[in-house]
Amino acid sequence: MTGHLPILEIKNLSKSYGAVKAVNDVSIHVDRGEITGLIGPNGSGKSTFFDCSTGLARPDTGKIVLDGQDITGWSLNRIAREGRMLRSFQKTVTFKALDVEENLVIAGQMFTFPSIATTFGLGKMSRQRIQGLRERARDLIKMAGLWDVRHQPAGNLSGGQQKLIQFASMLMPEPKLILLDEPMAGINPKIIERVVDTILYANKSLGVSFLVIEHNIDVVTSICQRVIVLDQGAKLVEGLPQDIIQDRRVREAYLGG
Ligand SMILES: Nc1ncnc2c1ncn2[C@@H]1O[C@H](COP(=O)(O)OP(=O)(O)OP(=O)(O)O)[C@@H](O)[C@H]1O
Ligand SMILES: [Mg+2]
């Protein structure tokens, strides 16, 4: 039934901060199984667009349909807890004192179990479910290249490795769509390759769709099937990555022309 509907459809989204039109009447969609890029110069409204799409900020106008369901006006907590659409921030967040495997299991528990009692593993039923989460965690840890450090506290690992932990944690609740805000910012080229591989694995093998804000244009052209360009809060153009990077309007926007 919902097979042809996009996983995410946003219509006429606007958000002003005082006199600043951070996002100005932007409509986009993300197709199922697609990795869509969202690019644009600094201050063009990309993060604000994410904030408004995920309930962190309240848009002035706009309609948000996730997986065929109208979620306009839902709070950040309600959207996150439900686990279908997850969002990363530029800042990396891990449980520093817990080891890698525990980080992932906790992430799975927070979404999978609705109550405190079950979150902390009380009762027979949840022990079985936790075993399932542990198996999923181990698969994701292998895939993210963290197997050798799986019993180390997250806080002892590099920034890039923590980014991978965070990313693998986001896959625990089996989301359908992940919004990434500059996943490659501040990490070294070797880890960039790892994150790229992990995104592609999640996309191809787990069927997760992505909307990715990214300044690294090589990453954008290598992982995205379609790219949307924002400039001064408005959608400038969208299309295939190879066409977008050639587009005169896009070049001018980036050069501040
Ligand atoms: N909470 C806020 N309060 C006031 N102004 C804001 C707020 N968030 C964003 N803005 C303004 O909205 C505009 C868009 O900012 P936004 O952070 O969405 O851009 P961006 O495309 O993510 O930029 P960058 O590439 O630098 O991360 C900017 O002019 C910014 O100063
Ligand atoms: Mg931003």
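Q: Which residues come nearest to ligand 1, and what makes a residue count as part of the group around it?
A: In this predicted model, Asn42, Gly43, Lys46, Ser47 and Thr48 come nearest, out of 13 residues around ligand 1. A residue counts when one of its heavy atoms lies within 4 Å of the ligand.

Q: What makes the pair between Asn42 and ligand 1 a polar contact?
A: A polar side-chain atom of Asn42 lies 2.9 Å from an oxygen atom of ligand 1. The cut-off for a pair of N or O atoms is 3.5 Å, so the pair qualifies.

Q: Which distances put the side chains of Lys46 and His215 in polar contact with ligand 1?
A: For Lys46, an N or O atom of the side chain is 2.7 Å from an oxygen atom of ligand 1. For His215, the corresponding distance to an oxygen atom of the ligand is 3.1 Å. As for cover, ligand 1 taken alone exposes 630 Å², and the protein buries 60% of that.

Q: Which element gives the most to the shell around ligand 1?
A: Helix H1 (46–53) does, with three residues. Strand E2 (20–30) also supplies at least two.

Q: How many residues of the shell around ligand 1 are polar, nonpolar and charged?
A: Seven are polar, four nonpolar and two charged.

Q: What is the volume of the largest pocket, and which residues lie nearest its centre?
A: The volume is about 690 Å³. Ala80, Leu86, Arg87, Met110 and Phe111 lie nearest the centre, among 23 lining residues. Helix H2 (76–82), strand E6 (85–87), helix H3 (100–112) and H6 each give two or more residues to this lining, and H2 gives the most, with five. By class, the lining has 13 nonpolar, seven polar and three charged residues.

Q: What makes a space a cavity instead of a pocket, and how many cavities are found?
A: In a cavity a 1.4 Å probe fits but cannot get out, whereas a pocket is open. The search of the whole structure finds one cavity of 30 Å³ or more. About 100 Å³ of space lies in this largest cavity.

Q: Which residues line the largest cavity, and where do they come from?
A: The lining includes Ser88, Phe89, Lys163, Phe167, Met170, Asp181 and Ile199. Helix H6 (159–171), strand E7 (177–181) and helix H7 (189–206) each supply at least two residues, and H6 has the largest share, four. Domain 1 and domain 2 each contribute at least three residues.

Q: How are the lining residues of the largest cavity divided by class?
A: Seven are nonpolar, two polar and three charged.

Conventions
Residues numbered from 1 in each chain as written. Chains lettered and ligands numbered in written order. Predicted model: local features only at pLDDT ≥ 70, side-chain atom pairs only at ≥ 80, totals over all residues. Heavy atoms only, no water. 1 Å grid on protein atoms, 1.4 Å probe; cavity = no way out; pocket = protein on both sides within 12 Å on 5 of 7 lines; lining within 4 Å. Points joined across faces, edges and corners; volume = space filled by probe spheres on them. Nonpolar A, V, L, I, M, F, W, Y, C, P; charged D, E, K, R; others polar. Domains from an automatic or database assignment. Polar contact = N/O pair within 3.5 Å; in protein donor to acceptor, adjacent residues only side chain to side chain. Areas by Shrake-Rupley, 256 points an atom, 1.4 Å probe, with all protein chains shown as cover.
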